[in-house]
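Reader: Please take a close look at one part for me, starting with the contacts there. Then go on to the helix, strand and loop details. Keep it brisk, and give each cut-off once.

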Amino acid sequence: MNLLKPTILAFAMAALPAFAQVSVTVDTTKPGPVINKNVYGQFAEHLGTGIYEGLWVGPQSKIPNTRGWRNDVVGALKELKVPLVRWPGGCFADEYHWRDGIGPRNKRPVKVNTHWGGVAEDNAVGTHEFFDLVEILGTEAYVNGNLGSGTPQEMAEWLEYMTSDTKSTLAEQRRKNGRKEPYKVAFFGIGNEAWGCGGNMKPEYYANLYNHYATFLKTPPNARPKMIASGGNDDDTKWTEVLSKEAARGTDGISFHFYTLPTGVWEKKGAATGFPENEWFSTMQQTMRMDGHIRRNVAILDKNDPSRQIGFYVDEWGTWYDVEPGTNPGFLFQRNTMRDAVVAALNFNIFHAHAERVRMTMIAQMVNVLQAMIITDKEKMLLTPTYHTYKMYIPFQDATSLPVAVDNDVAYSSNGKSVPGISASAARGKDGKTYIALVNTHPTRASEITLNVAGQNVSGVSGQILTSDAMDAHNTFEKPQAVKPAPYSAKAANGKLTLKVPAKAVIVVAAEA
Ligand code: AHR
């Protein structure tokens, strides 16, 4: 037996710190662009129980509600200060005919939701109900129009119905249906995923249609929404290239969709819980691709739109797993774990770094669908780790981004691929405080971060941390508080501010004088 070997191993292990030592420097003297609060937008589609049950239970329900919108879910969402909500889809938008959703609810037609589970859609939630939700939440509206199976006339009339302050028949019809004042449509999407469910088009063809439809979309001058051209997804930059040249007139933003699939393969995406570490890693790695997608598309925008009129709107992003066994595959229901919280925070940090062009994003989706904030089961409701991440990042809404450098980062590597071990972002909040967000992507390795804040005397930091023991830790109706934020603080000692960051953690702190 070789007695020397264990001794050498023990020595080698003692010499290696059990945590990564990283340095993060925030420069408060060089403020960057403002992080538009609409980066924290959310998407609510007629899909599964995302709207019906998850948000809308109807005024007659035993579940406490306000004019049909459930009070528990809406109350929790209000705390997130959601700036913008997109409705009615998604793929659903291109088969939605707005006239089905106005007038007395018991007289509305029942349709089939052909995209999502083939279930009956009774149109109980229509334009007036959606704007009621928007007003209850204190948010703004992003309405997505139907280009795929509608007509320019239908789209133009919907916009007139919502925004007209005249005595036109459509404006009067809106008044008759209970709404005197025009609604404020902050953003209007002209179709969705035209390359796929929105019509299987080529970008050049869609660009022509976009211009065609946009020609007829008229509103009072002060009520014109920001018009969105529906762009590409994933590695495809052609849509940004074509639309920024051909559909640029009057366009406020080109949309882009990118979902995080652990395996990167649609047919077998990976499970939401009970996954191995290599799928934790690949989920981080897939998420980090967002940065490259934004860089490539923004480079095209910088070339074709040097005056930076056009925003790059990532209006669908988030994790997309195999559906939970036993659930309707068309409902896209998945659990939400600590991994999702880390994915959300990584995306936020990437969006902040591109704040100049990324002026709006939407996680998919708000309740019960994909990477949701909230999961409901009839009268029960729970908050997901993603919800908590959104709440922790509220100070970044409309904050001024600050440059951050991460030095000596120890990459998280697997099978020859790497992601940053630590992701960091910083901003000067509207309250004047300096906020710092830190994410440890590694599921088992802690980090020790030396934090330097240039241009400000900092004696310590305080805020919140979200972390867990298990990679797939999640909240259940039995244990709804299994994953929740805890207070976090650190004090400078001997002129050095050191933050201990556990494995798989999201931290948001404010610097203290
Ligand atoms: O978010 C779910 C679906 O994903 C949306 O309806 C569609 O736009 C995308 O393919």
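Author: A backbone N or O atom of Cys91 sits 2.9 Å from an oxygen atom of the ligand. That is a polar contact (a pair of N or O atoms within 3.5 Å; within protein, one must be able to donate a hydrogen and the other to accept it, and residues adjacent in sequence count only if both atoms are side-chain atoms). The model is predicted: local features need pLDDT of at least 70, side-chain atom pairs count only at pLDDT 80 or more, and totals for chains, interfaces and linings use all residues. Residues are numbered from 1 along each chain as its sequence is written, and side-chain values use heavy atoms, with hydrogens and water left out.

Tyr259 places a polar side-chain atom 2.7 Å from a ligand oxygen atom. For Glu316, a side-chain N or O atom is 2.6 Å from an oxygen atom of the ligand. Taken alone, the ligand exposes 280 Å², and the protein buries 95% of that. These areas come from the Shrake-Rupley method with a 1.4 Å probe; for residues, only the protein chains shown count as cover.

Now the shell. The ligand has 14 residues around it, and Glu45, Cys91, Glu193, Tyr259 and Glu316 come nearest. A residue is near if one of its heavy atoms lies within 4 Å. The shell divides into 7 nonpolar, 4 polar and 3 charged residues. Here Ala, Val, Leu, Ile, Met, Phe, Trp, Tyr, Cys and Pro are nonpolar; Asp, Glu, Lys and Arg are charged; the others, Gly among them, are polar.

Next, strand β13, residues 360-364. Helices (H or I, at least four residues) and strands (E, at least two) are DSSP runs numbered from the N terminus. In β13, 5 of the 5 residues are buried, so the strand is largely enclosed by the rest of the structure. Buried means under 20% relative accessible area, exposed over 50%, and partly exposed in between (1.4 Å probe, protein chains only). Met360, Met362 and Ala364 cover one side, with Thr361 and Ile363 on the other, and all are buried.

β13 has pairing partners (two strands pair if DSSP finds at least two bridges between them). Strand β2, residues 41-43, pairs with β13 in the parallel sense over 3 bridges. There, Phe43 has Ala364 as its bridge partner. Strand β12, residues 311-319, is also parallel to β13, over 3 bridges. Val314 is bridged to Thr361 of β13.

Helix α4, residues 152-163, is mostly covered too: 10 of its 12 residues are buried. Among them are Glu154, Trp158 and Tyr161. α4 spans 16 Å from first C-alpha to last, close to the 16 Å expected at 1.5 Å a residue. The expected span is 1.5 Å times one less than the number of residues.

Last, the backbone exceptions. Most residues other than glycine have a negative phi, and most peptide bonds are trans. The bond from Trp87 to Pro88 is cis, with omega near 0 degrees. Pro88 lies in the loop between β5 (84-87) and β6 (111-113). Gly89 and Gly90 are also joined by a cis bond, with omega about 20 degrees. Gly90 is in the loop between β5 and β6.

Asn408 has a positive phi, near 55 degrees. It sits between β17 (404-407) and β18 (412-414), exposed at 57% relative accessible area. Asn415 has a positive phi of about 50 degrees. Its loop lies between β18 and β19 (417-419), and Asn415 is exposed at 78%.
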